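Hello,

Here is the structure I promised to pass on to you. Have a look at it first, and then read my notes below with the picture open beside them.

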Amino acid sequence: MPVKKGRFGYWRDPVFLVCLTAYVINRELIKPNLHHYSAFFDGHLNDTLFVPVALPVYLLAYRLIGLRPDDEPPRFWEMALHVAVWSLFFKWFGPFTLRRGVADPVDIGCFLAGGIVAWLLWQRGACFHALPSNKA
Amino acid sequence: MLQDLPNLTGAAGTWFVLAGKIVAAMGFMAAANLVVLYAC
């Protein structure tokens with residue numbers, strides 16, 4: 001009997017919701033009240049939260065288009081491909097061609113770190129759903 | 001040869017649909033990336 005695999009919630013995913021909440025709190029409450037520039041709150045935190053917030057939205061769009069065949073949690077290659085594209089777009093094309101954004105190589109590391117942690121959490125959820133006691 | 005035509009059309013149609021989905025996904029990604037770049 002096949003084991004029922006975990007279904008990904010996209011906009012209902014807990015990792016997405018927690019990271020989106022953290023992003024909004026940082027944007028609306030923390031950053032406006034900072035008295036000095038903070039590399040963490042002004043840049044690195046947003047870049048770290050970007051993949052767990054953006055990837056579910058992008059994957060939902062691909063699902064609606066019909067390109068994504070199922071509702072499994074994000075695969076590693078999906079996360080890595082998007083990190084590569086976003087790194088090129090936001091840290092090269094944006095700053096050098098559109099004159100928008102900052103070309104900081106550390107931000108690419110933040111994208112990658114946030115993506116890997118989120119991917120691990122998403123896989124953990126999938127493993128939990130695959131436990132025998134959670135069979136349908 | 002003529003008997004194979006429906007199959008060839010079907011395969012071409014499948015590839016055409018897949019190409020359309022990929023183009024649509026790339027269009028969404030480009031638009032969404034621009035929104036993030038200018039709004040966030």
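**What I found**

In chain A, 73% of the contacts with a separation of 6 or more are between residues 24 or more positions apart. Please keep in mind as you read that this is a predicted model.

Let me begin with the overall make-up. Of its 136 residues, 28% count as buried. Chain B has 40 residues, of which 0% count as buried, and it holds one helix and zero strands.

Now to the helix α1 of chain A, which covers residues 14–30. Its 17 residues should span 24 Å at 1.5 Å a residue, and the C-alpha atoms at its ends are 22 Å apart, which agrees. Which residues of α1(A) are buried? They are A:Val15, A:Phe16 and A:Cys19. Looking down the axis of α1(A), you will find these buried residues within an arc of 100°, so they line one face of the helix. On the face of α1(A) turned away from the buried side sit the exposed residues A:Pro14, A:Thr21, A:Val24, A:Ile25, A:Glu28 and A:Leu29.

Is A:Ser38 buried, exposed or partly exposed? It counts as partly exposed, because it has 13 C-beta neighbours inside 10 Å. A:Ser38 and A:Ala80 are 42 residues apart along the chain, and their C-alpha atoms are separated by 28 Å.

Next, please find α2(A) and α3(A). They pack with their axes 11 Å apart, at an angle of about 110°. These two helices are therefore roughly perpendicular to each other, since angles of 65 to 115 degrees count that way. On the α2(A) side, the contact is made by A:Val51, A:Leu55, A:Tyr58 and A:Leu59; on the α3(A) side, by A:Glu78, A:Met79, A:His82 and A:Val83. By class, the residues of this contact divide into six nonpolar, one polar and one charged.

One residue of helix α3 in chain A deserves a stop of its own: A:Lys91. Is it buried or exposed? A:Lys91 is buried, because 20 other C-beta atoms lie within 10 Å, and 20 or more is the cut-off for that class. If you leave aside neighbours within four places in sequence, A:Lys91 is in contact with A:Ala103, A:Asp104, A:Asp107 and A:Ile108. From A:Lys91 to A:Asp104 there are 13 residues in sequence, and 6.6 Å in space from C-alpha to C-alpha.

Finally, here is how the two chains meet. The contact takes 13 residues from chain A and eleven residues from chain B. On the side of chain A that touches chain B, α2 (39–65) and α3 (76–98) each supply at least two residues. The largest share of that side, five residues, comes from α2(A). Sorted by class, the side of chain A that touches chain B has nine nonpolar, three polar and one charged residues.

Enjoy exploring the structure, and do write back with any questions.

Best wishes

Notes:
Residues are numbered from 1 along each chain as its sequence is written. Chains are lettered from A and ligands numbered from 1 in the order in which they are written. This is a predicted model: local features need pLDDT of at least 70, side-chain atom pairs count only at pLDDT 80 or more; totals for chains, interfaces and linings use all residues. Helices (H or I, at least four residues) and strands (E, at least two) are DSSP runs, numbered from the N terminus. The expected span of a helix is 1.5 Å times one less than its number of residues. A residue is buried if 20 or more other C-beta atoms lie within 10 Å of its own, exposed if 12 or fewer, and partly exposed in between; C-beta atoms are placed from the backbone. The arc is that of the directions from the helix axis to the C-beta atoms. Two residues are in contact if their C-beta atoms, placed from the backbone, lie within 7 Å. Ala, Val, Leu, Ile, Met, Phe, Trp, Tyr, Cys and Pro count as nonpolar, Asp, Glu, Lys and Arg as charged, and the others, Gly among them, as polar. Axes are lines fitted to C-alpha atoms, for helices over the stretch in contact, and angles run from 0 to 180 degrees between N-to-C directions. Angles under 35 degrees count as roughly parallel, over 145 as roughly antiparallel, 65 to 115 as roughly perpendicular and the rest as oblique.
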